[in-house]
Amino acid sequence: MQSSATRRAATEARKAQIASATIAVLARRGYAETTFEAICEQAGLSSKRLISYHFSSKDHLFEAVVRQVVEDAAAFMRPALDAASGARAQLEAFIRANIAFIAAHPEHVRAVQQIAFNQVPVGGDEQDAAVARLAALFAEGQQAGAFREFDGGLMGTALRASIDGVADRLVKGLDPDRCADELVELFDRATRA
């Protein structure tokens, strides 16, 4: 008999498998062709009922995809952020790690773009949380004298929009190092004391 922890772990593993397959299908086939049948084929599932068992609707599945992308990005970026010391180094690490993640995970980017372009209402909380974390970084840097006075929420929104704005170009082959260099220089000039 399985313990409840074992069942929960199996359920979470199945949900992650389905979300990963959905990312691949969205990226390769687009929103219109992301059917439960296509996801089953990608994931190697025997029945689309396995998807509807774990996700009550396609929108619920797309919410899980956005969460998965956010979690994957956070895990990818964490070592660079942990290694950076001081507000300016943290800002640079945040930009470089974001750009590197986008360049290394084009399917993630395409999947989220497909969801956003088709106006599926998901991801707002994650976007707000990302801007709030940047605003906190800016506030800490301002207190330490590393950054000039400015509205941290507005600067965080501008930085997030800049990174999101170059995502499509990165997926299409823009040099990620050059892109990161330019954004680091731009936001260093915009924020430094």
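The protein chain has nine helices and zero strands. This is a predicted model. Along the sequence, the chain follows the pattern α-α-α-α-α-α-α-α-α. Its C-alpha atoms fill a box of roughly 60 × 40 × 25 Å along the principal axes.

**Nonpolar cores**
- The largest nonpolar core holds 30 residues, and the members that touch the most others are Leu91, Phe94, Ile95, Ile99, Phe138, Leu159 and Leu183.
- Two or more residues of this core come from each of helix H4 (58-83), helix H5 (87-104), helix H7 (124-144), helix H8 (152-171) and helix H9 (176-191).
- H5 gives the largest share of this core, with eight residues.
- Another core, of 13 residues, lies apart from the largest one, and its members include Val25, Ala38, Ile51 and Phe55.

**Surroundings of Phe138**
- Leaving aside neighbours within four places in sequence, Phe138 is in contact with Leu91, Phe147, Phe150 and Gly152, among others.

**Burial and contacts in the chain**
- The protein chain has 193 residues, and 40% of them are buried.
- Taking contacts between residues at least 6 apart in sequence, 68% join residues at least 24 apart.

**Surface and charge**
- The accessible surface of the protein chain comes to about 10600 Å², and carbon and sulfur atoms account for 51% of this surface.
- The chain carries 22 positive and 25 negative charges.
- The mean positions of the positive and negative charges are 5 Å apart.

Key:
Residues numbered from 1 in each chain as written. Predicted model: local features only at pLDDT ≥ 70, side-chain atom pairs only at ≥ 80, totals over all residues. Heavy atoms only, no water. Core = buried A, V, L, I, M, F, W, Y, C linked by side-chain atoms within 4.5 Å. Buried < 20%, exposed > 50% of the residue type's maximum accessible area, 1.4 Å probe, protein only. Helix = DSSP H or I, 4+ residues; strand = E, 2+ residues; numbered from the N terminus. Contact = heavy atoms within 4.5 Å. Areas by Shrake-Rupley, 256 points an atom, 1.4 Å probe, with all protein chains shown as cover. Lys, Arg positive; Asp, Glu negative; His and termini not counted. Charge placed at Lys NZ, Arg CZ, Asp CG, Glu CD.
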